[in-house]
Amino acid sequence: MELSGTTGPHGAAGLLLTAEGPEPRMLLVLRSAAVTHPHTWSVPAGSLASGEHPIEGAIREAEEELGGLPDFDVLGTVTDAVTATWSFHTVIARVEAATPVVASGVDAWELASTRWVTASSATRLPLHPRLRACWPRLMEVVARRHHQFALLRL
């Protein structure tokens, strides 16, 4: 799921922030006209450096694009093997609430907007093609992990 504009030889990773509620919300970013797949909704993402763990890379890329991130708990990672040697890793993380997030990082130019969406409202947006393909699987993991996290807090 190449979402960053560069494929990088070591794969790529993105951060899907999710907020609890009656229906979980996910933070998506609208890609600017200056990147590949412009004007599509995606997750903040980019290429991994050599030896970089997908969680570290996803957080780094999200901070580069969004600036400061709210406190979060990593719930898991979904890997999309695009080729035999290249994968995209979506790191799913939970935040307490869907608070406004404004792109203010050093790479904020890559984004035109941010939006919290529900699983169903996202499907009505022009999603990045690889994100659209993975969306049902990601939403299954989000639902399962939110439920597991809630049980742990009891």
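**View A. R130, a partly exposed residue, and its salt-bridge partner D80.** In this predicted model, local features need pLDDT of at least 70, side-chain atom pairs count only at pLDDT 80 or more, and totals for chains, interfaces and linings use all residues. Numbering starts from 1 along each chain as its sequence is written, and side-chain values use heavy atoms, leaving out hydrogens and water. R130 has a relative accessible area of 31%, so it counts as partly exposed (buried is under 20%, exposed over 50%, partly exposed in between; 1.4 Å probe, protein chains only). Its side chain meets that of D80 in a salt bridge, 2.6 Å from N to O (a side-chain nitrogen of Lys or Arg within 4 Å of a carboxyl oxygen of Asp or Glu). The pair links distant parts of the chain, 50 residues apart: R130 sits in helix α3 (residues 129–153) and D80 in strand β5 (DSSP runs numbered from the N terminus; helices H or I, at least four residues, strands E, at least two).

**View B. T79 and its contacts.** Have a look at T79, which belongs to strand β5, residues 73–81. With 38% relative accessible area, T79 is partly exposed. Leaving aside residues up to four places away in sequence, T79 touches S87, F88, H89 and R137 (contact: heavy atoms within 4.5 Å). With H89, the T79 side chain also makes a side-chain polar contact of 2.9 Å (N or O atoms within 3.5 Å, one able to donate a hydrogen and the other to accept it within protein; residues adjacent in sequence count only if both atoms are side-chain atoms). If you zoom out to V35, you will find it 44 residues from T79 in sequence and 23 Å away in space, C-alpha to C-alpha.

View C. V74 is partly exposed, at 37% relative accessibility. Its contacts, not counting residues up to four places away in sequence, are I55, V91, I92 and A93. S113 lies 39 residues from V74 along the sequence, with their C-alpha atoms 23 Å apart.

**View D. R60 with E52 and E61.** R60 forms a salt bridge with E52, where the closest N and O atoms are 2.8 Å apart. The side chain of R60 also meets that of E61 in a salt bridge, at 2.9 Å from N to O. R60 is partly exposed at 25% relative accessibility. E52, at 17%, counts as buried, and E61 is buried too, at 8%.

**View E. A salt-bridge network.** E20, D73, R94 and E96 are joined in a network of salt bridges. The structure holds seven salt bridges.
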